[in-house]
Amino acid sequence: MCQKRVNKGDADAISLQGYQNYHGMLGLAKNVPRAIELWTEAAELGSLEAHGELGCRYYTGDGAEEDKPRGIHHWQQAAMKGHVQSRDSLGDVEYENGNYRLAVQHWMISAKLGLEESLNAIKFVFKEGHATKAQYAEALLGYRDAVEEMRSPQREEAKRAKRLGIY
């Protein structure tokens, strides 16, 4: 079924196939160069996940030749369209570069979209003195609101089932 979607040029299916090639899943041999090709195609078709994956691969050099500016570019493309993990990664880059104000700005956005990792990063830089108490409080409230908005009876039931090992 996924292959049919890939053949029709579905960006998300192509990105998923890249992920499967990268990790050698579903009977596929691990093929990192093929994964990069697939993610590149998917990114050109608009897949935010593919941009995020390419950002990771190029920034770290894990699976592709290290090219930090190219990795950042992919994260920026994804973050501008709402990819939360890419936004968090941009915050990490800015923190590494000592641009704490920009790091906090990126993390505030992703924390307010419900990414706990970003909330924890803001807490960390608050303790270091690089974020204000008001920023941390704003991130906490935004994170709480995002998590609350995502609650549903179906999600709660799925969490309960997972805890009980039902699926």
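At what angle do H8 and helix H9 pack, and how far apart are their axes? In this predicted model, local features need pLDDT of at least 70 and side-chain atom pairs count only at pLDDT 80 or more, while totals for chains, interfaces and linings use all residues. Residues are numbered from 1 along each chain as its sequence is written, and side-chain values use heavy atoms, with hydrogens and water left out.

To take the opening question, H8 packs with helix H9 (residues 133–150) at about 165°, and 10 Å separates the two axes. That makes H8 roughly antiparallel to H9; the label goes to angles over 145 degrees, with under 35 counted as roughly parallel, 65 to 115 as roughly perpendicular and the rest as oblique. Axes here are lines fitted to C-alpha atoms, for helices over the stretch in contact, and angles run from 0 to 180 degrees between N-to-C directions. The H8 and H9 crossing is left-handed, meaning that the near helix is turned anticlockwise from the far one by less than a right angle (right-handed if clockwise).

H8 (residues 116–128) also packs with helix H7 (residues 100–112), this time at about 140° with the axes 8 Å apart. H7 and H8 are therefore oblique to each other. Their crossing, too, comes out left-handed.

As for the overall picture, the chain has 10 helices and 0 strands, where helices (H or I, at least four residues) and strands (E, at least two) are DSSP runs numbered from the N terminus. Read along the sequence, that gives the pattern α-α-α-α-α-α-α-α-α-α. The C-alpha trace spans about 50 × 45 × 25 Å along its principal axes. Out of 167 residues, 37% count as buried, that is, under 20% relative accessible area, with exposed being over 50% and partly exposed in between (1.4 Å probe, protein chains only).

Leu 16 sits in helix H2 (residues 11–23) and counts as partly exposed because its relative accessibility is 39%. Between Leu 16 and Ala 35 lie 9.3 Å in space, C-alpha to C-alpha, at a sequence separation of 19 residues.
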